[in-house]
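Reader: I am new to this structure. Please walk me through it, one question at a time.
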Amino acid sequence: MAKIIGDRVAAEIEGDFVVFLIGMKVNKFWKVGKWMPVAKAMGVMLKELYASDREQTGFLGHQPLSMFNMVQYWRSFDHLEAYARSKDREHFPEWIEFNRRYKSRRGDVGIWHETYLVEDGAYEAVYSGMPAFGLGKVGNLVPATGSREAARQRLAG
């Protein structure tokens, strides 16, 4: 179990970064053979990303949100796009196969993602009585006191 941080802390990360929300929705649970390969593919991609040179890929880390949904943090959109379109990485061949396999039956399993480009300092995050989580897991945790006491202050830098 992750260590609980007993203090109130804020997350900081240097420079611009990308928040990438991604997930899948099982529309027909009884069709396990349809959605299980999609669920397994995400695990394979995450394993690849964590094993790679993260300075090169720009992948900062991820945080599960629920069984089939997560948030990923990337250094830039260029890094995220380069990974997604690289023919020698796990994502691209799986994406081609997903579109081939589900072209005429997208109602069995759905996938989604949202991408947010975050400018340096244009965010705030606070945690209290939590383990390192989300942005606090990929950035730095600092005391949420003084100029970091309130959300508006954290956003003002």
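Predicted model: local features only at pLDDT ≥ 70, side-chain atom pairs only at ≥ 80, totals over all residues.

Reader: What does the C-alpha trace span along its principal axes?

Author: The chain holds 157 residues, and buried ones make up 36% of them. Along the principal axes, its C-alpha trace spans about 55 × 35 × 25 Å.

Reader: Which residues are the closest to the centre of the largest pocket?

Author: The largest pocket has a volume of about 800 Å³. Its lining counts 34 residues. The closest to its centre are Phe20, Ile22, Met42, His91 and His113.

Reader: How many residues of that pocket's lining are nonpolar, polar and charged?

Author: Several elements give two or more residues to the lining of the largest pocket, among them β2 (17–26), α1 (32–51) and β5 (109–118). Helix α4 is also one of them. By residue type, the lining divides into 23 nonpolar, eight polar and three charged.

Reader: Is Trp95 buried, partly exposed or exposed?

Author: Trp95 lies in helix α4, residues 91–102. Its relative accessibility is 37%. Buried means under 20% and exposed means over 50%. Trp95 falls in between, so it counts as partly exposed.

Notes. Residues numbered from 1 in each chain as written. Heavy atoms only, no water. Helix = DSSP H or I, 4+ residues; strand = E, 2+ residues; numbered from the N terminus. Buried < 20%, exposed > 50% of the residue type's maximum accessible area, 1.4 Å probe, protein only. 1 Å grid on protein atoms, 1.4 Å probe; cavity = no way out; pocket = protein on both sides within 12 Å on 5 of 7 lines; lining within 4 Å. Points joined across faces, edges and corners; volume = space filled by probe spheres on them. Nonpolar A, V, L, I, M, F, W, Y, C, P; charged D, E, K, R; others polar.
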